[in-house]
Amino acid sequence: MSAPMTGNLSRRSVLRGTAGAAGLLSTGGLLTACGGIKESSAQSDAVLRIGYVSPTTGPAAGFGEPNAYLMKKMRAAFKGGLKIGGKKYSVEIIDRDSQSNPQNAAQVATDLINGEKIDLMLVTSTPETVNPVADACEAAKIPCLSTAVPWEAWYFGRGATPEKPFTYTYHFFIGVAEIHAAYTSLWTEGGVKTNKRVGVMWPNDPDGKAIRDGLGPQLKKSGFTIVDPGAYEDGTNDYSAQIAAFKKADAEIFNTFPLPPDFATFWKQARQQGYRPRIASIAKTGLLPSQVEALGPLGYGLSAGFWWTPKFPFTSTLTRQYGFELAEEYEKSTGRQWTQILGSNMALFEVAVHALKETSDPKDRGELAAALGKAKLTTVVGPLDWTSGPVKNVSTEPLVMAQWRKAAKGSSFPLEPVIVDKNSFRDIPLGGSLEPLD
Amino acid sequence: MNWINAIVQGVMLGGVYALFACGLSLMFGVMRTVNLSHGDLAVLGAFLVAVLAAAVGISPFFAVLLVLPVMGLVGVALQRGILSTALRTGEMSSMLATFGLAIVLQNVLLEIFSADSRSLDVGSLATAGFQLGPSVSIPYLGALTVAVAVALLGGLQLLLARTGIGRAIRATAADADTAELVGIDSRRVYAWAAAIAVATAGLAGAFFAMRSSFSPSMGPTQLLFAFEVVVIGGLGSLWGTLAGGMVLGVAQTVGAQVDPRFSIVAGHAVFLAVLAFRPQGLLGMRRSRT
C-alpha cells in the first residue's frame, strides 16, 4: 500500500518524469474568476470535459490558494490525453470560482453542466462550495467527486441516508470518527495532563452543526466533559460570554471550528480576560499556515488535524511525486508554504483518472459513477477505498494531529507543523510530542 | 458579574463600531448617499497600515497617522472620480457606483495581498487587560479604541459646530443649491466630507485589524454593522453614531450572554426595534430640522 519514505530516491529522476512540471511556475494570485483556459486537441475528436469548482475568492479563498499551481500541473499531466478502452480522449479542465458562496457555487455548477456539457465534476473545500455543486450534479445525473468537507456534512447535510444513498456523487475526506480518534488520542496520549474538560466553540454553520451532533456525544463517551456555551454565528465580534463559561468550568482543553477573523478575535479576547487552556485544537482556521501566521506569536502551540502533510509516505499516481517533492515544488514555484488542501485536490484528479480508466466508455455517466463507487487506490494523501467506506458514497482517509511551532532558523516560512500524534497510522512518522501552551 | 463584563465588553466593541460608522454617518449626512464601499475602504486602510508598518519597521499606531492623509486623498479621489458624476444622476446610481467600487476593491486587494488573514501586531497591548475582580476585565486596546472614537466623534462635532468648513458642510448638507447661492463651493465641501469619511474608515479598519484579523473579504460584514449603528444612532448625528455603536455593541454582548447564538440577532433586533419605534434614531432629532 505505502512506499517507505526514502531519502535515496533520486528526486531529479522523478522531477524529469513529471512533464517538466518544475517549469510550470505559477504566477500566484487570482485564477481567472470567470472562466478557465480551454485546451483543444488536434489528434482526436473525443474530448473529456472535467469541471473543477473551488473557492478562489471570498471568505474561504485560503483553500483555493493552490488552484493556479494545480491547474497548470494537471493540464500538463493531461496534455497527451487519456487512453480509455482502446480509444484516445483529450482532456479539458474547466475551472470555476465558487466565490465561497452557495448560490454562486450552484450557479457555476449549472453553467458547467448545461453550458459546458461536462462529463465529470470535481469540487473541493467547504460545504458552502461543495454541497450545492454536488446537489446540482446528483439532480442532473452528472458524476461528481468531492473532498475537503467532513463527510457527514456532505452526506447527511444533503439528505442522504444509508437506505437512500446517492447515485452520482462520491466523496472522500475525514469524518467525525477520524476527528474523534485523532482528538482523543492527542488529548489523552499526547503527553499533556489535563482535567479532560473541553471548552468548545462550534459555530452555527454546516461544519459546526455536523461536529456538534457527531463529535460532541462521542467525546462525552470517551470521558471528556464538554463545556458548550452554544452555537455562535460566524462573524461575531465578541466572545466574552464563551470565555466566561470556559473560565468558570476551568476547561483546560479548547476546540473550535472557526473562520479566521472570529478565531483571532476570540483568541486575543481570551488572553485579555485570562482564559488560557493547556491544549487548543483549532480546525478550519488552524489548518492553513497563512491563517495561523496572522496570529503572530499567539499562533505558536496551537494544534490541528492534518489529512495530509509532505511527511505522508505516499506518491501521486499522476505525477509519481512523493508528497515532500510535491510540497517542495509548490513552495519553489509559488513562494508560498505548502497547505494540506494541495494534497486533497491532487488526489481528486488521481481518483478521477483512475475511475475514467476503469470504464469502457467514460462518456457513459452511469458507468463512470459506478466506477467512482468501486474505486480503490493509493493516492498522494494515502489509501482511498469506496468499497469499504462508512457509507456507500464515501471513502475516509487518515487524520493525524500536528502542532504549529516556530520554524527552525533558516526556514523560508515562520511556522512549521510538527506531527505530534499519528493516531493509529503506523506509516506516518512522528515529529515530536505535544507541548502545553505557554 | 458576567453580565457586568458583558456590558463592559459591549462598550469596547461599540468603540470599534462607532469608528466604523463615523464616516458612513458623515457621508450620508452631507451627501445623502450610502457609501457601500465603506467597509472595503476600511480594509484598504488596514492593508496600507500593515504594509507601511512592515516596510518601514514602525509601530502600527505611527503608521496609522501616516496613512490617514493618504486615505483622505483616496476620499477626494472617490468624490471627484465617482460620486460627483453619480450623484448628479440620482441617489440610486451613486449607491450602485459605490457597490461596484466595493467589488473592485475586494478583488484588487485579493489580487495583491492574496486571501491570507493578517493582523496588525501591537504586541501585548492586544492581549493585556486591566482586571477588575475575577470576571471583569478592561482590555487596554478596547479602552484605547473607545477613547479614540469619543475623541474623533467629539472632534468632528466641534469641527462642524465651530469652524468655517464645518458651517459650509452643514449648509451644504441642509441645501446644497442655496449654499451655492451664498458662495459655498459644494464641490469643495463634498471633497472635504469624503476625505474625512474615508480617513475615518481607514482608522476603523486599523483598529479592527489590531483587535482581530482581516482579509480582503471582510468589508461587507462590518459594513452591515456600521450601517445598523448609523440607523440606531440617528442618520447624520455624530453623537448619535457614538451612542448607536455602544448600543449595538452592548446588545450583541448581552445577547451572547443569554445564548451565543443570540449575539448578532440581538443587534439586528435592536436595529429593527429602532426602525419600528424611533425611525429617526436615538439622537436623530436634528435631521427633522434640516
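Which residues does A:Gly301 touch, not counting residues up to four places away in sequence? They are A:Gln403, A:Trp404 and A:Leu437, where contact means heavy atoms within 4.5 Å.

Before I continue, please note that this is a predicted model, in which local features need pLDDT of at least 70 and side-chain atom pairs count only at pLDDT 80 or more, while totals for chains, interfaces and linings use all residues. Residues are numbered from 1 along each chain as its sequence is written, chains are lettered from A in the order in which they are written, and side-chain values use heavy atoms, with hydrogens and water left out.

A:Gly301 sits in the loop between helix H10 (289-293) and strand S11 (303-306) of chain A; helices (H or I, at least four residues) and strands (E, at least two) are DSSP runs, numbered from the N terminus. A:Gly301 counts as buried because its relative accessibility is 15%, buried being under 20% relative accessible area with a 1.4 Å probe and protein chains only. The C-alpha atom of A:Gly301 lies 9.5 Å from that of A:Pro417, 116 residues apart along the chain.

I turn now to the interface. Chain B contributes 41 residues to the contact and chain A contributes 39. About 3000 Å² is buried between the two chains, with carbon and sulfur atoms giving 50%; buried area is the accessible area (1.4 Å probe) that two parts lose on being put together, summed over both.

Between chain B and chain A there is one salt bridge, defined as a side-chain nitrogen of Lys or Arg within 4 Å of a carboxyl oxygen of Asp or Glu. B:Asp116 forms a salt bridge with A:Arg336, and their closest N and O atoms are 2.7 Å apart.

Key. Buried < 20%, exposed > 50% of the residue type's maximum accessible area, 1.4 Å probe, protein only.
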